Amino acid sequence: MMMTVACLPLPVDETLEIKKNRFCPGNGGNGRRISVVTGIHGDELEGQLVCFQVAKRIRENPERLLGTVDLYPAINPLGIDSVTRGIPGFDLDMNRTFPGAMEGSLTEHLAACVVQDLVGSDLCLDIHASNIYLTEIPQIRINELHREKLMPLAMEANVDLIWVHGANTVLESTLAHSMNSLGVPTLVVEMGVGMRLTPAYADQLTQGIFHLMERLRIWKEEEIPVRTPVVSEDPDEVTYLNAPVSGIFQKKKNHGEHLKKGDEVGIVLNPYTGEVLTSMTAPGDGWLFTIREYPVVDEGSLIARILREPPGCAG
Amino acid sequence: MEKEILFQIPSLYRDDFRIRGYRFGQGKKALCVVGSMRGNEYQQIYTCSQLVARLKELEGRGLLKEDQEILVIPSLNPSSMNIEKRFWPTDNSDINRMFPGYSLGETTQRIAAGVFGQIKDFENGIQFASFYMPGKFSPHVRMMKTGYENVEKAREFGLPYIVLRVPKPYDTTTLNYNWQIWETNAFSLYGAATDTIDEESARRLIDGILRFLASEGILKEGAQADPPRESRVFTDRELLAVRSRKSGILKSLVGVEVKVAQGQLLGYLLDTGEGRRIEELYAPLDGTVFFAHSKPLVYANTAVFKLLAGEEPFRGER
């Protein structure tokens, strides 16, 4: 059932509407609810395929649905439709506007409507796709403030990595922080790369979502297996590689690969001269869980994130 | 005046990224002034450049104290302004969300760190700031309530208003916030424009800075600066927003600093197809227009005007 989450008139013959599709059994279900949210950033599209697959599987197996599934594929519909990361017209990152304000500006109002609509969910997944520059292995990021509540859920989500990060004041304006503060467990998923679809990752996360639904008694038991993720809680375990010079980055390793100290992760080259300006190598053994996709780099551009100590159970 | 490069990043395809500073005097780090951080802050870079011209003139006449250092940085982001893009060209990040910066981090973190390292020890810091909504403000000093804000010093600008703002989470990475945390007296100066040039507004802000310099003893006797005038101090929560319920073409009938009476028509919205009035915006109280939206199109829920209730004590040079 298509439902409207927020609705505002735009100046020229158009209505801005945030929509969701609600799936629930004919009898109304058992009252349990999962919400799958994506598209806060208009250039992150991996979640579209996940929403599609979740909807398709429910449509094909309606008898298994015990509770409510709300799918929100486009929290920032104008952004998705105009290949814009933020909210077009405002150049604002929507994920820095939560919890918003009902009586506030357009952006604040939209944020408040989304938050209000999600309240009551037993679990919310907020699916992101990094950005157009970086590719990520499927992972869940957890603010240490909400670790205790979220970790057991994250372990069941069929991702490869759970990354617990320190509390950061700026992140208090994210959807996930707002929802977790309101008592709605919300997992932030990062996977793939901006402006692209990675079907294997969509399959993997969809599997995890149905497993979680099963655990929450929203989906009739189906024995859905999930992988055991690597958990990183120590910030010193993650090494960041940043470009030391401006140029064109060519990667030599793919994300998810295990690296030995000294392995070449990529090079920065100069197309004018034919010179390799720098070779970037792994500072130690580790697991490459983020790698740069977009070739143009400035000095300082993020190239890779490497998790120290090769995990035995990833992949 | 010494003209110097404060920070530089080599680029492969463009000219190097350079942040240039204009330094007056040597010794006590008295004042740093930062202009535009975003590529559309034309008024901010203009005001800064005019300030450099005024200071250069004062220095030439021997009216600046030589043992007091003033550093003016008209632009922290020439790469964006040169291509008319608001945020950082390659990744769209905002330098004013990167402070205090990180010298080993991403590009805009490095820029923030590189600059902040050179300006964090100044006793006073001024930023010509802009608002994310398009609109005009009454000239004012804005400060975050961090516990370190110095309202008495802000009065030295003699601008009509001093606005105090409780910081939101995203404010904690701005220059103003971090200056305060590093014990600099930080002031954001707002004027009437951002992506257009407003001469009058620039002049009033520069006059305010000269009053501040005079109060701080950085100007020598004989330098002409108006004495400080009384400023009205209030928190941004005291402003009353007049919001649109609909979307359309805005016709404003009043500008900033205009006194309005309760029930007065401030502006109206036109239907974009038929040209008829679809909404009228009235003043809910007697007051002064502090902020006025300035773009032709208005979305629903937009704060088209922000009013400050009551009489204002300031009778400035208008």
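Modeller: Chain A is divided into domain 1 (2–231) and domain 2 (235–308), with bounds that come from an automatic or database domain assignment. This is a predicted model, in which local features need pLDDT of at least 70 and side-chain atom pairs count only at pLDDT 80 or more, while totals for chains, interfaces and linings use all residues. Residues are numbered from 1 along each chain as its sequence is written, chains are lettered from A and ligands numbered from 1 in the order in which they are written, and side-chain values use heavy atoms, with hydrogens and water left out.

The centres of the two domains of chain A, taken over C-alpha atoms, lie 30 Å apart. Contact (heavy atoms within 4.5 Å) joins 14 residues of domain 1 of chain A to 14 residues of domain 2 of chain A. The two domains bury about 1,200 Å² between them, with carbon and sulfur atoms giving 68%; buried area is the accessible area (1.4 Å probe) that two parts lose on being put together, summed over both. On the domain 1 side, A:Tyr133, A:Thr135 and A:Trp163 lose the most area to domain 2, together 43% of what that side buries.

One salt bridge crosses this domain interface, the term meaning a side-chain nitrogen of Lys or Arg within 4 Å of a carboxyl oxygen of Asp or Glu. A:Glu136 and A:Arg305 form a salt bridge in which the closest N and O atoms are 2.8 Å apart. Strands β6 (134–143) and β7 (161–165) of chain A each supply at least two residues of the domain 1 side, strands being DSSP runs (E, at least two residues) and helices likewise (H or I, at least four), numbered from the N terminus. β6(A) gives the most to that side, with six residues. By class, the domain 1 side has nine nonpolar, two polar and three charged residues; Ala, Val, Leu, Ile, Met, Phe, Trp, Tyr, Cys and Pro count as nonpolar, Asp, Glu, Lys and Arg as charged, and the others, Gly among them, as polar.

Between the chains, 38 residues of chain A are in contact with 32 residues of chain B. Chains A and B bury about 2,800 Å² between them, 58% of it from carbon and sulfur atoms. One salt bridge is counted here: A:Glu299 pairs with B:Arg110, the closest N and O atoms being 3.8 Å apart.
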